[in-house]
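Here are my notes on the model, point by point. Please read them with the coordinates open.

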Amino acid sequence: MNLSLYFKKFFSSNQSSGIILIFCVVVSLLIANSSAGEGFQNFLDQEVGTHLFHLTYPVSIWINDGLMAVFFLLVGLEIKREMVEGELSSFKNASLPIFAAVGGMLVPAAIYTFFNSGTEYGNGWGIPMATDIAFSLAIIAMLGKKIPNSIKIFLAALAIVDDLGAILVIAIFYTEQIHWAYLLLSFGTAALLFLLNFLKVTRIIFYIIPGLFLWYFLHHSGIHATIAGVLLAFSIPTNVSDVKISPLEKLEHQLHFPVSFLIMPIFALTNTNIAFTSEMVTGVTSTLGLGIICGLILGKLIGINVFSFIAIKLKLSELPQNSTWLQMAGVGLLAGIGFTMSIFIALLSFKDDIPIQDEAKFAILIASFLAAILGFVILSMSSKKDMNAVEN
């Protein structure tokens, strides 16, 4: 095969972005536990930017709050398109990710609290509530067409609601101070974006510029700035009658490659550089470790599926099209991939105790790894079961 055709085929496949992401995780862990680990961490801690408008931040912040806002923009565009004309266009389908996300936050928090109520670890109840949307979507993308598109959309919507819930938890319970002036400016900018949509403005640049201001205001308000990507996405117009391709579809197409093969790999490379210590291993069997691992794996699995089952039985929601409960179980496990947001909450929960932070990080890593493997295996089994049913 011609080399250029090989690379074209590789980068156009759904599985390739997941493969690259996993490769970056392995490289990041190797770097963190080698002689280059300290230098790499110093690079991530290096402040860059301009003091003008207070835009000087460490490299890691620019990645997690800046580049990942672009990732959330792409996911938000996909969710909006599905809500307008796809899998989430009916109320019953659109409501299911919300019910599932609520269960996927409450049950893990309850499990963690069961293990750690009244202990020095009690403040970390928010750790297992979070789903790492980048990693969970990368794993399910590796399954390609074996899984119905409705399941992938359900996981994306679930993870978005979950992340918004986690951001809300951080804002209310883990943020020391909200800067209300910046928050009000954020509301005003968001209102302007939706006004542009209402006035049927179709040029994308007129949304991108206010979107940058929205990111700036949210970041300075004390709330996680990646929510700016979601708000911007929902303001981009779609189904415009006088153009063949809507602004939303155009922007979605333009963002797909850089997000999948640049932003997500950078995110993985810089957020899994965890240096292993002996304290981490001993912490796995502590109530902290058990609360995190059981919360992320069992809590997500039980919470998402039980709340989904109740919503469906009450006829408030419907299963995603062409999906099964076995696939829903796989999604529940993939939602247990915590990684960045869980680690972020762990740092906020135990900011004055580095050893506890390290124990929490290792428990999150183990839980996320197990959730990814189990979720992938179950979804693979479900696709084979469906194929056998069709053949018979």
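1. Terms first. Buried means under 20% relative accessible area, exposed means over 50%, and partly exposed lies in between (1.4 Å probe, protein chains only). By that rule, both aspartate 162 and lysine 300 are buried.

2. Ground rules. This is a predicted model, in which local features need pLDDT of at least 70 and side-chain atom pairs count only at pLDDT 80 or more, while totals for chains, interfaces and linings use all residues. Residues are numbered from 1 along each chain as its sequence is written, and side-chain values use heavy atoms, with hydrogens and water left out.

3. Overall fold. The protein has 16 helices and two strands. Helices (H or I, at least four residues) and strands (E, at least two) are DSSP runs, numbered from the N terminus. The C-alpha trace spans about 65 × 60 × 55 Å along its principal axes. For 392 residues, a compact globule would have a radius of gyration near 21 Å, and the protein agrees, with 21 Å. That radius is taken over C-alpha atoms, and the globule rule is 2.2 Å times the number of residues to the power 0.38.

4. Packing and surface. Of the 392 residues, 53% are buried. Take the contacts with a separation of 6 or more: residues 24 or more positions apart account for 80% of them. Contact here means heavy atoms within 4.5 Å. The protein exposes about 18600 Å², and carbon and sulfur atoms supply 69% of that area. Accessible areas come from the Shrake-Rupley method with a 1.4 Å probe; for residues, only the protein chains shown count as cover.

5. How many salt bridges does a search of the whole structure find? It finds three. The criterion is a side-chain nitrogen of Lys or Arg within 4 Å of a carboxyl oxygen of Asp or Glu. Side chains of opposite charge can pair when their charged atoms come close.

6. The aspartate 162 pair. Aspartate 162 bridges to lysine 300, with the closest N and O atoms 2.5 Å apart. This pair links distant parts of the chain: aspartate 162 is in helix α7 (residues 149–174) and lysine 300 in helix α13 (residues 287–313), 138 residues apart.

7. The arginine 81 pairs. Glutamate 252 forms a salt bridge with arginine 81, the closest N and O atoms being 2.6 Å apart. Here too the pair links distant parts of the chain: glutamate 252 sits in helix α11 (residues 247–271) and arginine 81 in helix α4 (residues 59–85), 171 residues apart. Glutamate 82 also bridges to arginine 81, with the closest N and O atoms 3.2 Å apart. Shared partners join Arg81, Glu82 and Glu252 into one network.

8. Which members of that network are covered? Glutamate 82 is buried, at 6% relative accessible area. Glutamate 252 is buried too, at 11%. Arginine 81 counts as partly exposed, at 21%. Glutamate 82 belongs to helix α4. Leaving out residues up to four places away in sequence, glutamate 82 touches Glu87, Leu88, Ser89, Asn149 and Ile153.

9. Helix α14 and glycine 375. Helix α14 (residues 325–334) is mostly covered, with eight of its 10 residues buried. Among them are Gly330, Leu333 and Leu334. Glycine 375 touches these: Gly330, Leu333 and Leu334 are its contacts, not counting residues up to four places away in sequence. Glycine 375 lies in helix α16 (residues 354–391) and is buried, with a relative accessible area of 0%. The C-alpha atoms of glycine 375 and alanine 335 are separated by 8.6 Å, though the two are 40 residues apart along the chain.

10. Backbone points to check. Phenylalanine 53 has a positive phi, near 65°, in a residue other than glycine. Phenylalanine 53 lies in the loop between β1 (47–50) and β2 (55–58) and counts as exposed, at 55% relative accessibility. Asparagine 322, likewise not a glycine, has a positive phi of about 60°. Asparagine 322 is in the loop between α13 and α14 and counts as exposed, at 64%.
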